[in-house]
Amino acid sequence: MDDILLSISQLSVAVEDKEILHGVDMVIRKGETHALFGPNGSGKSTLLMAIMGFPRYQVIKGNIAFKGKDITNLPLDERARLGIGMSFQRPPVVRGVKALDIVAACLKGQGNQESIDKLAEEANMADFLGREINYGFSGGEIKRSELMQLLAQKPELSLLDEPESGVDLINIALIGELINELLEKNHLIRDRKHAGLIITHTGHILDYVNARTGYVMIEGRIIGEGDPHEILATIKEKGYKKCIECAK
Amino acid sequence: MYRMREIKSPKTYRDKAKAASAKAAALGEDVDVSAYVSSAEEQPYQDDPSKLPTKTKEDMLKVGIILDDTNQRSGTYIQMDNSPVHSSSGQAGIEVMAISQALEKHDWLADYWWRAVAVDTDKYTANVELSQHSGYFIRALPGYKTIYPVQSCLYLMKARLAQNVHNIIIAEEDSELHIITGCAAASSKEAGLHLGVSEFYLKRGAKVTFTMIHSWNPEVAVRPRTGIIVEENAVFLSNYVIMKPVHSLQTNPVARCIGDNAVVRFNSILVAPPESNIDLGSRVFLNAKGAKTEIISRAITTGGNIIARGYIEGNAPNVKGHLECRGLILKEGGVIHAIPELKGNLAGVDLSHEAAVGKIAEEEIEYLMARGLTRTEATATIVRGFLRVDIEGLPPMLNTALQRAVEASEKDIM
């Protein structure tokens, strides 16, 4: 179908020869936001890293298609240029490289100082543009910085790895606003072109960002799919154990 | 309070120099001084330095020396081989001249002669005393502040010449002096030896920023010997950049904070292409209470050898020092040896260091690639960031000159 942005089929991924994901299927259409739940170590981040194309995450079976093109063997940077972006949970510090440098790089020469300042203002990061990226940033600053970069990059598919972790309640609303802008939530549904896949532990972000579909991942397998709010309510009430039982 | 030592006769210095004329240096490959010639054809004096040959001006521009429009300089000193070819001051209260001229003008200058660097440190200092070929004298009178930087250039032209210079820089009380010094070789392949003694004296409340850019060639040996004496509340900021090949460079300047709350900061940017050998350190003695220092070096090898040293000694209460050595090995065959040293001689000193040597972390490259940069672009961005020097207290014009020097060499590094 034309509006399918991401299509993952029977994807198995290994990290350092250890298989982490086992036969994952997923389809995300333009304008959709999907949420991925699962306990620690279930493979959620591995799925995002594999979609983004990090070399350490080896696809051993299945394939990934983006906008109808098989990208299973496409290098990381080419995937980024094709329209996939990622907000990292724990991005590295890159000494000497300023937040400003990366935002400018994300804008691919299309931006100027004014547009960079505007983005930084929006993300409440104006005081951080001149700082070395991620150096001494608090949890919330890292998340806002990541979203600022993605807003400059404008990916069609945003992979958001726990965007609310380490963020206080005041800032979580801002994080929600930034994600909504990234995913064009202010557009009419039919006009939305951008999609998102969000990993969330607490589900707090779903109070601010509407998601269409939720998945539960356990031990490298997606064991359930449905309304994200219902899934979250079940997890909160009965834990992942119940999800495992439901899937049986 | 620092007290100048008793004046010794020049003969005493010559005698000491003679005694040390074969004394090997504590560090670095031994350079046979006798393999170099000490005389060179005299170069004509130029009232207007913009009339120097185009190629010479281009070489000098690469090390931050602007000769076509000196309006944005508070003074200029140019030495080619052994000849001072131009010296001028563009601002009241700032003196810029050849050291020989300064010795004639100020009979008190002998008080500063070999006071920050010992004449018998090694055979190189001895050689400068015994066979000196000028050098510069730069001084800011009490309370005067340079509006623009003073520039000085030591330019080596003759093949196999040993250029022996002795420089003295004095910042009188509450003055401010910004200096950019460029040292360069005219030839890309002729051998040469540059021996430069530099003695800095910062009086109470003075501030000096000293930015030095070197551009030699794979056959030139360089042995600078530098001493800095920093009085109460004075601030000395040194920035040293070498990004072009050099056969052998060894230097280990020493700063002594002798007045309360004196501040010293050394920043070094070192790039060693194949066959370059750089052994560069900075030593700071915190001898008065509240003195502070920071020594930061960034080293990149693309095949050459770098030893990055740092030494901080705390000898007074409430002193603080931090040392940071970071090295990137971009190509196989290169070696970076970081030697950070701290010595605290009493309780209450606060000294720290961090050192890291390695390749660029793959994780950092991939992070930038995830933003759409190619691997080459990501690597270049990280290297550029690594070499970036945003130096507190450095006038924007000097910072621009420094950035220009760094950017000019980026392509060679990559």
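## Helix pair in chain B

Axes here are lines fitted to C-alpha atoms, for helices over the stretch in contact, and angles run from 0 to 180 degrees between N-to-C directions. In this predicted model, helix α5 (residues 362-369) of chain B packs against helix α6 (residues 375-387) of chain B at about 115 degrees, and their axes are 9 Å apart. The crossing of α5(B) and α6(B) is right-handed.

On the α5(B) side, the residues that meet α6(B) are Glu364(B), Ile365(B), Leu368(B) and Met369(B). Their counterparts in α6(B) are Arg375(B), Ala378(B), Thr379(B), Thr381(B) and Ile382(B). Sorted by class, this contact has 5 nonpolar, 2 polar and 2 charged residues.

## Sheet in chain A

Chain A holds an open sheet of 6 strands in the order β6-β7-β8-β3-β9-β10, with mixed pairing. Its edge strands, β6 (84-87) and β10 (221-226), each pair on one side only. Neighbouring strands are turned by 20 degrees against each other on average, direction ignored.

Strand β9 (residues 213-218) of chain A runs antiparallel to β10(A), and 5 bridges join the two. Met217(A) has Ile222(A) in β10(A) as its bridge partner. Helix α1 (residues 44-52) of chain A packs on the sheet, where it touches β3 (33-37), β6, β7 (157-161), β8 (195-199) and β9 of chain A. The direction of α1(A) makes about 150 degrees with that of β7(A).

## Contact between the chains

Chain A gives 20 residues to the contact and chain B gives 18 residues. On the side of chain A that touches chain B, the elements giving two or more residues are α2 (76-82), α3 (99-106) and α5 (139-153) of chain A. The residues on that side of chain A divide into 12 nonpolar, 3 polar and 5 charged.

Definitions and conventions:
Residues are numbered from 1 along each chain as its sequence is written. Chains are lettered from A and ligands numbered from 1 in the order in which they are written. This is a predicted model: local features need pLDDT of at least 70, side-chain atom pairs count only at pLDDT 80 or more; totals for chains, interfaces and linings use all residues. Two residues are in contact if their C-beta atoms, placed from the backbone, lie within 7 Å. Helices (H or I, at least four residues) and strands (E, at least two) are DSSP runs, numbered from the N terminus. Ala, Val, Leu, Ile, Met, Phe, Trp, Tyr, Cys and Pro count as nonpolar, Asp, Glu, Lys and Arg as charged, and the others, Gly among them, as polar. Two strands pair if DSSP finds at least two bridges between them. A crossing is left-handed if the near helix is turned anticlockwise from the far one by less than a right angle, and right-handed if clockwise.
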